[in-house]
Amino acid sequence: MFGLEALDLARIQFAFTISFHILFPAITIGLASYLAVLEGLWLKTNNGTYRDLYHFWSKIFAVNFGMGVVSGLVMAYQFGTNWSRFSDFAGSVTGPLLTYEVLTAFFLEAGFLGVMLFGWNKVGRGLHFFSTVMVAIGTLISTFWILASNSWMQTPQGFEIVNGQVIPTDWLAVIFNPSFPYRLMHMATAAFVATAFFVGSSAAWHLLRGKDNPAIRKMLSMAMWMALIVAPIQAVIGDFHGLNTLEHQPAKIAAIEGHWENKGDEATPLILFGWPDMKEERTKFAVEIPYLGSLILTHSLDKQVPALKEFPPEDRPNSTIVFWSFRIMVGLGFLMIFTGLWSLWLRKRDMLYTSRPFLYLALWMGPSGLIAILAGWFTTEIGRQPWVVYGLMRTADASSNHSVMQMSITLILFVVVYFALFGAGLGYMMRLVRKGPKIDEGKETNDGGPGQKRTPARPLSAADDHADADHTVTKEI
C-alpha cells in the first residue's frame, strides 16, 4: 500500500486510532472536574445558573465518555493483534498497569456514572455531588495508570530481563519512573486547558449569535479564568518536562531542536524555524537565535545540547516531524496564554462579553487544546523512535507477523468505521453544544429530574421542547 511495509502500516494504524482516542479522555478529564465544580458551587450558592450549566455539560460529558470508552477498547486489542511481540516482551509490566486502571479507575467511574447521570432528583443532593466527585477522581486515577504505563516505555526502570522477557522487580520504581511525574502533570494540565477552551469557544459562539444570558456569560468567565491561570502553569511544567527529557532521551531533544552538530565550544542556538533534512543531515532554511537553545534547555549560556550526529543514524528519531509538531504545540500554548491575558484586560474594562474580536478569537481557539495535545503526543511518541521501549526493544522487533495486505485492509476499515461512527458522535455532541443551556430567567424553577423540563429523563436527549407538544397531540389523536 503506497510502497509502505507492514510495520509502517501498523504504526500508522496505531497512530490513527490513538489520535482519535486521546481527544475523548482529554475532554472527559476536564469536563468531569468542571461538573464537580459546577455542582459544588450550586450547592454552596443555590445559584440556578450553575445548575443549568451542570445539566447542559453533563449531556455532552455522557456522549464524550461513551466514545472514549469505545475507542479505548480498540487500543487494548491492538497490543495483542498488531504488537504481539511487544506484549510478549513487556506484558508483565503493561498488563498489570492497565489492569490496575480498570480496577481502580474504570470501576469507580462506571459505578458512580449512573448515579451522576440518572440520579438527579432520585438521590439526595449530597450523594449526587459525591457521585460527580467520584467520577472526576476516577478520570484522574485513569490518567495516573495510563501515563505510568506509557512513561515506563519512555524511561524504563524497576525490572530485569529473564529469557527475553521483562520481569518487574520493583513496582514502585516501575510506576514512578523518571519521566512519570512530569508527563502526568503535563497531560492532566493539558486536559484542563483543552476543556477550558472548548467551553470558552462554546460560550463565544452563543454570544456572537446574540444569545446573551447569565449561563453563557458564566461559561466564558470560568473558561477564561482557567486559561489565564493554567496555561502559564502548563508552560512551566513543559520546561521541567523538557529538562527531564534532555537527561533521559537526549536524541529526542536533538530531533525536536533540529540540532545536528555542535561547533567547538559554542553555545547551542535555538532554531525557530527551518526544515530538518534527515538525508542531508542538516536543517535547511534555519532561522536561529544564538545562545537561546542552551539557555532554554540547560539554563546556562555556555553548556551545549547533544546533537543528532552524536547518535548513530539508526537511533535517530525523525527530526522533520517532531521539529514541527513540537512548534505547533508551543505556538498554540503561547496563543492560549495570550488569550487568557487578553480576557483579563477586557474583564477589567467590562468588555469581556461584548468584544467581538476577542469572541472570534475564543471561538477559533476552541480546538486549540486538542490540537496541541495531538502535536505533543506525536512529538513524544515519534521522538522515542526507533524504540518501543526506550533502549530495550526496537519498534521493528515489536510488531506481529502480518502481511502488507492484512494491515492495509484493517487500516482502511478502521478509517471508514472511525469516521462514520465517531463522526456521527462528534456531530451529535456539537448539536448539543449549539443548543446551549436552558434557563428560565426570573422564574422559580425546580431542580430537574425525570418528567421535568430542566433535565430530560434521558441525559443524552437533545429533543426540542416541541417534543412535548407533539406528544400531547399524538395522545389526543
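Ground rules, quickly. The model is predicted, so local features need pLDDT of at least 70, side-chain atom pairs count only at pLDDT 80 or more, and totals for chains, interfaces and linings use all residues. Numbering runs from 1 along each chain as its sequence is written, and side-chain values use heavy atoms, with hydrogens and water left out.

Let me start with open space. The second largest pocket has a volume of about 1300 Å³. A pocket here is an open set of points on a 1 Å grid over the protein atoms alone, with protein on both sides within 12 Å along at least five of seven lines. Volume means the space filled by probe spheres set on the points, which are joined across faces, edges and corners. The lining counts 48 residues; a lining residue has an atom within 4 Å of a point. Nearest the centre are His 186, Gly 238, Phe 326, Met 329 and Val 330.

Which element gives the largest share of that lining? Helix α7 does, with 10 residues. Elements are DSSP runs numbered from the N terminus: helices are H or I, at least four residues, and strands are E, at least two. Others giving two or more residues include α6 (180-208), α10 (319-348) and strand β3 (270-277). By class, the lining has 25 nonpolar, 18 polar and 5 charged residues. Nonpolar covers Ala, Val, Leu, Ile, Met, Phe, Trp, Tyr, Cys and Pro; charged is Asp, Glu, Lys and Arg; the others, Gly among them, are polar.

Staying with α7, look at Gln 234. Gln 234 is buried, at 14% relative accessible area. The cut-offs: buried is under 20%, exposed is over 50%, partly exposed is in between, with a 1.4 Å probe and protein chains only. Beyond its neighbours within four places in sequence, Gln 234 contacts Met 185, His 186, Thr 189 and Ala 190. Contact means heavy atoms within 4.5 Å.

Helix α1 (residues 6-45) gives the most to its lining, 3 residues. That lining splits into 4 nonpolar, 4 polar and no charged residues.

On to packing. The largest nonpolar core has 90 residues, and α1 supplies the largest share, 18. A core is a set of buried Ala, Val, Leu, Ile, Met, Phe, Trp, Tyr and Cys residues joined through side-chain atoms within 4.5 Å. Phe 61 is among those with the most contacts inside this core. A second, separate core of 12 residues includes Met 336 and Met 365.

Val 93 sits in helix α3 (residues 84-118). Its relative accessible area is 0%, so Val 93 is buried. Among the residues it touches are Trp 152 and Trp 171.

Last, the rings. The structure holds 29 aromatic pairs. Rings of Phe, Tyr and Trp (its six-membered ring) pair if their centres lie within 6.5 Å; planes under 30 degrees apart are stacked, over 60 edge-to-face, the rest tilted. Phe 144 and Phe 180 are edge-to-face, 5.0 Å centre to centre, 85° between the planes. They link helix α4 to helix α6, 36 residues apart. Buried or partly exposed, for Phe 144? Partly exposed, at 22%, while Phe 180 is buried at 2%.

Definitions and conventions. 1 Å grid on protein atoms, 1.4 Å probe; cavity = no way out; pocket = protein on both sides within 12 Å on 5 of 7 lines; lining within 4 Å.
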